[in-house]
Amino acid sequence: MRAGDLRRALRDALLVGALLWIAVTAAFVRDRNKDATQRALRHAQAAAELVAIGDTPPTPTAAAAIVGAPVASKEHGFLRRRVAHTPTGERALGGPTAPAVDKLLYDAAGRYDKDGPFVAMLTDGSERAVAAVATARGPAIAITAGPEPRAPVPWLAVLGHLGLMLVLVGVGAVLGGRARGVGVALGLATWAFPAYFAGGPGLALAMLAVAAAAGWAHATGATDRAIASVRAHKVALSFLAPAGVAMIVLVVVPFAVGLALGFYDHHHGRWTFVGLANFKRILTGDGHALSDPLNFWFILGVTLAWTFVNVMLHVLFGTLFALILRQPWLKARGLWRVLLIVPWAVPNYITALIWKGMFAGEYGAVNSILSGLGLDRVSWFSSWATAFSANVATNTWLGFPFMMVVALGALESIPKELEEAAEVDGASSWQRFKEITLPHLKPALGPAIVLGSIWTFNMFNVIALVSGGKPGGSTDILVTDAYRWAFERGEQYGMAAALGTIIFLLLLGWTLIGRGLTKGDEEARP
Amino acid sequence: MSVRRPKLPIVVGVHALLAIATMAVLYPVMLVVKKAFEPGRQFALSPSPIPKRVTLEHFRALLSARGSHGELAFLQHTISSLAVAIATTVVGIALSCTAAYALSRFRFPGRKAALTSFLVVQMFPASLLMIPLYVLLHELGLLNSLSGLVLVYSTTAIPFCVWTLKGYFDSLPRELFEAARVDGAGPIRIFWTIVLPLARPGIAVTALFSFMTAWNEFILASTFLTDEGKYTLPVMLKSSVGQFSADWGQFAAGALLTSLPVMALFYVVQKYLVGGLTAGAVKG
Amino acid sequence: MIRGLAIAALCAAAAACGRSDAAVTVWHAYDKDERVAIEALAADWNAANPERKVELVAMPYDGFGDKLGSAIPNGNGPDLFLYSQDRLGDWTAAGVLEPIEFWIDDATAARYTPEALASLAYHDALWGLPVAVKSLALYVRTDLVPTPPRTTDELLAMAPALTARGVFALAYPVDDLYAHAPWLHGFGGRAMDGDTPTIATAEAVAAAGFARELVQRKVVPAEADAALTATLFAEGKAAMAISGPWFIADIPAGVPYTITTLPTVSATGLAAAPYLGTEGILMSARARDKDAAIAVALAFTSDAAAALRAERAGQVVPNPAAYRGALADAPRLAAFRRQLAHTVPMPVSPAMRAVWTPYKNALGQVVSGAASPAAALEKAATDIANYARTEGAR
């Protein structure tokens with residue numbers, strides 16, 4: 001036997017054991033809370049039954065009484081008085097200065113009138129239970145006094161179990177050979193016992209499966225290799241870890257939850273699993289004709305047109321300005337550049353609100369300018385084409401500086417000698433543009449276009465604030481439609497999440513295609 | 001892109017066109033400036049960018065408005081916004097520089113997956129992450145705290161920053177690293193003394209981006225914050241033009257003051273801006 | 001990694017030292033005068049009750065309702081909040097609200113007008129105490145229209161003279177159901193019958209047709225939202241406007257105007273009746289100290305408190321006893337109080353939430369001439385039923 005074997009076996013067992021410990025502890029805490037809840041419910045039920053036959057309950061109660069039927073006030077039908085009957089006498093429930101427990105009795109009686117006899121936990125977080133049973137005079141109601149005591153943690157059993165696990169793992173390691181893996185598996189398998197008591201057979205079976213897998217991984221040396229690999233790359237991984245952890249907690253987890261919500265239906269704070277129903281509803285157009293602005297395919301078409309037109313205009317204006325700005329003979333180049341970047345610096349919700357004002361009604365600045373030029377005023381948001389154009393104008397304005405800056409950067413990298421040589425050779429400006437400028441623009445603009453199209457595809461603020469979907473929701477894009485599902489159609493968060501998933505898949509597909517087209521992938525480089 | 005200077009009429013023509021285009025680009029901004037200095041709550045109907053009468057009334061009203069506890073609201077919101085934006089920038093840059101360095105200079109299993117996931121997570125519409133994020137921040141006890149916003153904003157900004165910075169790090173000459181390694185410098189020292197100083201343009205640009213992410217966001221801020229004293233500027237600004245009643249004068253004054261820091265940053269960073277964004281793609 | 005943990009720890013520590021727990025927190029979306037008035041009430045309360053103070057938190061109006069709906073079930077909400085009754089249906093079903101009829105006896109109830117109190121009742125329970133009632137009314141520029149129109153025919157008749165001067169007779173957000181509601185009700189229609197949307201009725205079609213006529217005859221501008229309505233009225237490009245009490249703040253000093261009731265619809269002889277929104281002080285189901293909370297709610301809606309709010313903020317308060325002395329005949333309050341007689345309570349049903357946007361789309365189509373009133377409303381009815389279909393499927 002070698003000391004290294006024992007160390008490795010214990011390492012694996014403790015690593016996996018720690019994970020199992022978390023799972024079992026979680027199950028234990030849950031089970032213990034459930035147990036306390038059930039005792040509270042039993043006590044409340046028993047107390048209520050005693051109250052019903054006129055006895056005083058033995059366990060402490062916050063309140064216990066038989067509550068009479070409501071008597072509605074003459075003026076206001078919804079103001080209803082009840083009377084509580086206790087062995088010590090009667091009292092009216094309610095009034096501006098009534099004690100707080102009386103309200104619990106009153107509300108329980110109201111619930112009894114609606115649902116019949118019940119026993120439940122109070123929802124105020126006090127861990128008290130309330131029960132109502134039927135009597136001839138009305139419901140007998142009892143409310144427990146406070147949280148039930150929790151079962152103690154079985155520390156002795158925990159220590160014994162840990163010892164047994166270490167012994168089994170150790171014996172396996174000492175025997176050596178195949179027994180090492182078996183020892184790890186058997187040692188970890190001991191977690192099945194507490195798992196069975198805390199979480200039932202399902203959890204126990206899961207523990208056994210994990211134990212077997214861990215034993216197998218240990219026997220084949222898979223864990224050794226994994227740990228060696230982490231060791232070998234520990235510098236790189238520790239540089240990546242802070243961002244990685246932050247991303248997993250704050251982006252990947254909500255993202256996964258967001259994906260999962262797409263399979264649920266939401267109604268009044270309750271979630272129901274509905275499988276693919278949301279997706280089916282969206283993809284089949286939700287009963288709308290294809291020409292209806294509420295049909296998914298219509299919105300998708302608008303979104304694609306929106307993205308394409310915008311990105312095209314961004315690239316066009318961005319490149320155009322960049323080409324002008326890099327001319328060496330241009331006066332005050334720095335000044336022009338700063339002025340043209342200004343739209344990027346203005347927060348985009350401010351931009352959107354300004355442009356909305358400029359397009360407003362018959363009096364907006366745009367219409368005033370049009371009529372000043374002798375043209376007709378345009379009612380911008382009453383037809384699709386004009387409303388869409390208004391959105392596009394806004395977004396082009398705020399988006400072109402980014403492309404301009406990217407293009408400027410790319411153009412700066414063109415070696416002067418190359419252009420001079422071409423000019424000496426008598427190449428026309430079009431030839432020079434095609435042969436020299438364009439090839440230098442492409443590698444920088446490619447990724448920028450992919451990124452820009454993702455941003456434009458999800459550009460919520462401009463659509464929501466400028467056209468607001470007018471007319472008739474026809475200028476909505478997928479994100480604004482998703483928002484409507486969440487907040488304007490009865491809080492159907494499930495539909496919104498499903499739409500979000502579809503948006504994600506579309507963009508994922510587009511990025512894969514886009515990366516293939518632009519070869520922006522750094523792996524292509526040496 | 002002619003190297004030689006073209007004929008004079010062309011030069012003059014291009015300057016004139018550029019001037020007109022720039023005027024058009026700046027027109028909406030000038031309307032805001034006009035409204036900020038013009039009396040009245042309404043968006044004026046005239047398209048002229050020059051105010052008829054000039055007043056500082058909107059700025060005075062904005063700056064002297066008081067919150068529930070008698071504090072100067074605009075000042076308070078500015079401080080909140082600055083704190084959030086600066087913290088976001090610092091956290092975002094710290095996290096993305098290290099991650100980008102790992103992804104650019106090291107080869108390890110899972111690297112490609114990490115790179116891809118930094119790109120992919122940007123694709124789920126942020127507005128739909130709101131509900132899960134709300135529950136998550138609630139569980140972490142970070143709702144209604146500026147720290148929670150900082151965490152959310154910096155993770156929003158990280159993917160773009162990582163990609164930009166990685167491109168920039170890729171473009172740094174390999175020989176430098178080899179030389180440093182031969183001199184016996186460890187990876188941390190190389191990162192600290194060689195990569196960071198050389199990557200200043202890239203860092204400046206991503207810092208600007210992180211700052212803007214935090215400075216301009218209002219949907220999450222207005223959902224997560226439930227304490228007036230913590231509101232950021234956009235939350236306040238957006239609420240001055242509500243559905244029923246809008247005070248465009250104060251909005252314009254606020255918009256102007258809100259845009260100024262970003263514009264100043266752009267001005268400072270602009271010499272890095274060109275190139276900082278694209279170094280990786282161009283030089284690779 | 002360590003840095004990440006340190007940040008997380010710092011943040012948690014920062015979050016822990018949050019608000020004081022003893023106070024009764026009240027969220028509101030009040031601004032300007034209304035805010036000043038309620039802050040005065042809170043100051044009075046805090047002076048009298050130093051051991052259980054009130055803490056007011058002002059919220060942006062946009063998204064206020066959604067924020068309440070998500071904050072309260074998660075335990076991050078206020079103890080009390082001010083909101084109108086239109087989300088009662090949603091919130092009672094989701095368990096957001098605490099029923100308060102337990103604390104209210106007939107003597108207390110007698111403070112308020114029965115209609116205002118009843119509008120905060122839903123499903124045999126009371127969910128809030130009325131703070132203010134809000135409805136639209138007619139704003140008239142007296143320099144352009146010396147005598148306000150009493151009927152819609154009069155309104156149509158005075159339009160050509162004004163149009164000739166480049167002035168619209170009337171401005172309001174034509175495509176917004178809330179602003180369109182006076183005509184809808186004036187033509188005898190309703191948007192909801194209990195929990196059932198009633199969209200494409202003959203009355204609704206007639207009302208939408210009337211809105212289209214207003215636009216086509218250039219009586220009303222086609223695209224005015226609330227902001228543009230204010231601008232047009234302020235600059236004299238619209239002689240009248242339909243809006244609520246909040247509009248007063250939008251009118252610049254020096255503009256001569258008066259407020260009056262909306263005209264009678266000549267086609268039916270019924271008064272144009274806007275929605276009546278009752279702003280209530282509502283209690284969260286998760287309120288920490290409910291006894292303290294109800295005491296605050298009662299104090300903020302007492303007759304004296306109501307008089308203070310009416311006087312300082314021009315609120316139309318539902319406490320008859322508050323209108324004494326100068327308040328009894330303050331002209332603006334009087335105009336809105338007269339309009340109250342011709343109002344329709346804002347629907348409380350959750351189904352109403354899905355009505356606004358399709359209705360807006362339909363009205364937009366009608367006034368732009370893209371669809372006939374009947375066709376547009378039929379389409380809206382189908383869309384609304386479609387959203388309700390899945391909601392009712394459980």
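Trainee: How many salt bridges are there between chain B and chain A?
Mentor: The count is 0. Bear in mind that this is a predicted model.

Trainee: And how many residue pairs are in polar contact across that interface?
Mentor: The rule finds 5 between chain B and chain A, with both residues at pLDDT 80 or more.

Trainee: Which helix gives the most to chain B's side?
Mentor: Helix H1 of chain B, residues 8-37. It puts 15 residues into the side that touches chain A.

Trainee: How do the residues on that side of chain B divide?
Mentor: There are 72 nonpolar, 14 polar and 9 charged.

Trainee: What area is buried between the two chains?
Mentor: About 8,400 Å² between chain B and chain A. Carbon and sulfur atoms give 80% of that.

Trainee: How many residues are in contact?
Mentor: 95 from chain B and 97 from chain A.

Trainee: Is the crossing left-handed or right-handed?
Mentor: H1(A) and H3(A) cross in a right-handed way.

Trainee: Which residues make the contact?
Mentor: From H1(A), Asp5(A), Leu6(A), Ala9(A), Leu10(A), Ala13(A) and Leu14(A). H3(A) brings Met165(A), Leu166(A), Val169(A), Gly170(A) and Ala173(A).

Trainee: What's the split by residue type there?
Mentor: For H1(A) with H3(A), the contact has 9 nonpolar residues, 1 polar and 1 charged.

Methods:
Residues numbered from 1 in each chain as written. Chains lettered and ligands numbered in written order. Predicted model: local features only at pLDDT ≥ 70, side-chain atom pairs only at ≥ 80, totals over all residues. Heavy atoms only, no water. Left-handed = near helix turned anticlockwise from the far one by under 90°. Helix = DSSP H or I, 4+ residues; strand = E, 2+ residues; numbered from the N terminus. Contact = heavy atoms within 4.5 Å. Nonpolar A, V, L, I, M, F, W, Y, C, P; charged D, E, K, R; others polar. Buried area = accessible area lost by both parts, 1.4 Å probe. Salt bridge = Lys/Arg side-chain N within 4 Å of Asp/Glu carboxyl O. Polar contact = N/O pair within 3.5 Å; in protein donor to acceptor, adjacent residues only side chain to side chain.
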